[in-house]
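Let's take a friendly walk through this model, from its cores to its pockets and a few local details. Here it is to look at.

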Amino acid sequence: MAEIKLSNVKKSFGSVNVIQGVDIDIKDGEFVVFVGPSGCGKSTLLRMIAGLEDITSGTLQIDGAIVNDKQPKERGVAMVFQSYAIFPHMTVRENIAFGLTISKVPKEEKDKKVAEAARILQMEHLLDRRPSQLSGGQRQRVAIGRAISRDPSVFLFDEPLSNLDAALRMDMRMEIGKLHQQLNATMIYVTHDQVEAMTLADKIVVLKDGRVMQAGSPMDLYHAPDNLFVAGFLGSPSMNFLEVTVDAINADSVTVHNSSLNQIEVPHKGRSFEVGQTATLGIRPQYLHLTDAGLGKLHGKVVLTERLGSETVIDLTLSDGSKLIAALGEDTILAPGSEVIFDFDPMQTHIFPETR
């Protein structure tokens, strides 16, 4: 186990700045997930921690020691890649032991570590099989077992579940969560899947264009996003954004409206606004509910209804032509073209001074 500290870490490929001054503190035993859209720099950042990419500037510390110039094998880290990277001609036992074999670990110690990794991953019965005889999830467990056998200070996962189908991905996500609880190890996990981020992480680091947009616990980021990007990135379906005009500013709230929304008072949460400016109001689809005429805040026309079993997702067009998504927790049937009215609690909204 280990603490990790990144201080003003930057990475450039020629004139292209990929990582632009990242500062992150990772506690001993913490499960941290780097999440963001493709090209945000999350995998590059992980490879820099692993020692597979050089750091252009800034410092990387593991357990208080600066490791910028240390080789990957000297950092006490083990990495699980998106591709399984296991050898088809070797048995599961030989694949798990591969790193120990090339490090010339004595056979007795090597066998003990392989057996322990197999026990943790519940794959003792697979040790004599070859990869061609394994499912995708079993192959990924072999790759994780190889990492466990090295007894690293830090586990690094680079989108390890993206090659699996949906059901297997959920199973393996649970397995990785259990593994963290069992080993109590420091883990850094890269994904573009917000469900993986929300369910696995102690801390989420949201990245965009090589910069940290926000870092914190999953529910902190969900309930208190710092900016429009984080608000729109976390949550499924994505948060609705409506352009509104600021009419008044109060001690803890602002009064806003637009052509399809009657004047309402919403908490500003410490953000600064000016009367007359255009701002963005965020409403999560789950916080909208159908109501009767005269009681609602938003009037719209149904474009599409998606019935998902656990919820029904409604795609709406408001009176001013803007789009809105509502996620209802019941099996609601609304025909395309239907006129509907939705209400929401203004205290559950988010208001941002910037516009999209």
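## Cores, pockets and a buried lysine

Ile 144, Ile 148 and Tyr 189 touch the most other members of the largest nonpolar core, which has 43 residues. A nonpolar core here is a set of buried Ala, Val, Leu, Ile, Met, Phe, Trp, Tyr and Cys residues joined through side-chain atoms within 4.5 Å. Buried means under 20% relative accessible area, exposed over 50%, and partly exposed in between, with a 1.4 Å probe and protein chains only. Helix H5 (residues 136–149) supplies the largest share of this core, five residues. A second, separate core of 29 residues includes Ala 2, Ile 49, Ile 55 and Val 205.

This is a predicted model, in which local features need pLDDT of at least 70 and side-chain atom pairs count only at pLDDT 80 or more, while totals for chains, interfaces and linings use all residues. Residues are numbered from 1 along each chain as its sequence is written, and side-chain values use heavy atoms, with hydrogens and water left out.

Back to Tyr 189: setting aside residues up to four places away in sequence, Tyr 189 touches Phe 31, Val 32, Val 33, Phe 34, Phe 157, Pro 160, Leu 161, Ile 176, Glu 196 and Leu 200. Contact means heavy atoms within 4.5 Å.

Is Lys 203 buried or exposed? Lys 203 is buried, with a relative accessible area of 17%. This lysine is found in strand E9 (residues 203–208). Leaving out neighbours within four places in sequence, the contacts of Lys 203 are Asp 25, Glu 30, Phe 31, Val 32, Val 33, Gly 216 and Ser 217.

Now for the chain as a whole. The protein chain has nine helices and 20 strands; helices (H or I, at least four residues) and strands (E, at least two) are DSSP runs, numbered from the N terminus. Of its 356 residues, 49% count as buried. The C-alpha trace spans about 80 × 45 × 35 Å along its principal axes. Among contacts between residues at least 6 apart in sequence, 67% join residues at least 24 apart.

Helix H1 (residues 42–50) is mostly covered, with seven of its nine residues buried. Those buried residues are Lys 42, Thr 44, Leu 45, Leu 46, Met 48, Ile 49 and Ala 50. After H1 comes Gly 51, whose phi is positive, near 95°.

On to the pockets. On a 1 Å grid over the protein atoms alone, a pocket is an open set of points where a 1.4 Å probe fits, with protein on both sides within 12 Å along at least five of seven lines; lining residues have an atom within 4 Å of a point. Grid points are joined across faces, edges and corners, and a volume is the space filled by probe spheres set on the points.

| Pocket | Volume | Lining residues |
|---|---|---|
| Largest pocket | about 600 Å³ | 22 residues |
| Second largest pocket | about 210 Å³ | 12 residues |

Val 77, Ala 78, Met 79, Gly 99 and Arg 150 lie nearest the centre of the largest pocket. H3 gives the most to the lining of the largest pocket, with four residues. In the second largest pocket, Ile 120, Ile 148, Asp 151, Pro 152 and Leu 183 lie nearest the centre.
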